[in-house]
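Please study the sequence and the structure shown below, and then work through the exercises in order. Each task is followed by a stepwise solution.

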Amino acid sequence: MLNHVALLTFKDELPDSDRRLAAVKLKSGLEDLAGKVDGLLEIKVESILTESSTADIALFCKLENEQALNNLKTTPLLFNFKSVIDSYLSRIHTASYYS
């Protein structure tokens, strides 16, 4: 099984109200991909992180393999909220590992 983690960081100039709205949209949109992407076994988004966190949102995925990760990254469903990603996020850090 392939585990994939993405840490998302909002743009510094983004007001708190926009951060909350973006977090809800991202959580809803990403978790809605469950059962819709071939090889995606589980997806979870955490948007309430501790103050010591250096990211604003954490995405956790369990996938069958690297092809499934590619399916996730290229699904047209992801582009449904690409404007949210482009408008609100400054950085996305990812890591994948087998377990």
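**Exercise 1: Contacts of one residue**

Task: Determine which residues Leu72 touches, not counting residues up to four places away in sequence.

Solution: Contact means heavy atoms within 4.5 Å. Leu72 touches Leu33, Val37, Leu40, Cys61, Leu63 and Leu78.

This is a predicted model, in which local features need pLDDT of at least 70, side-chain atom pairs count only at pLDDT 80 or more, and totals for chains, interfaces and linings use all residues. Residues are numbered from 1 along each chain as its sequence is written, and side-chain values use heavy atoms, with hydrogens and water left out.

**Exercise 2: The sheet**

Solution: Strands (E, at least two residues) are DSSP runs numbered from the N terminus, and two of them pair if DSSP finds at least two bridges between them.
- Step 1. Six bridges join E2 and E3; Leu40 stands opposite Leu63 in E3.

**Exercise 3: Leu26**

Task: Decide whether Leu26 is buried or exposed.

Solution: 
- Step 1. Buried means under 20% relative accessible area, exposed over 50%, partly exposed in between (1.4 Å probe, protein chains only).
- Step 2. Leu26 counts as buried because its relative accessibility is 1%.
- Step 3. Leu26 belongs to helix H1 (helices are H or I runs of at least four residues).
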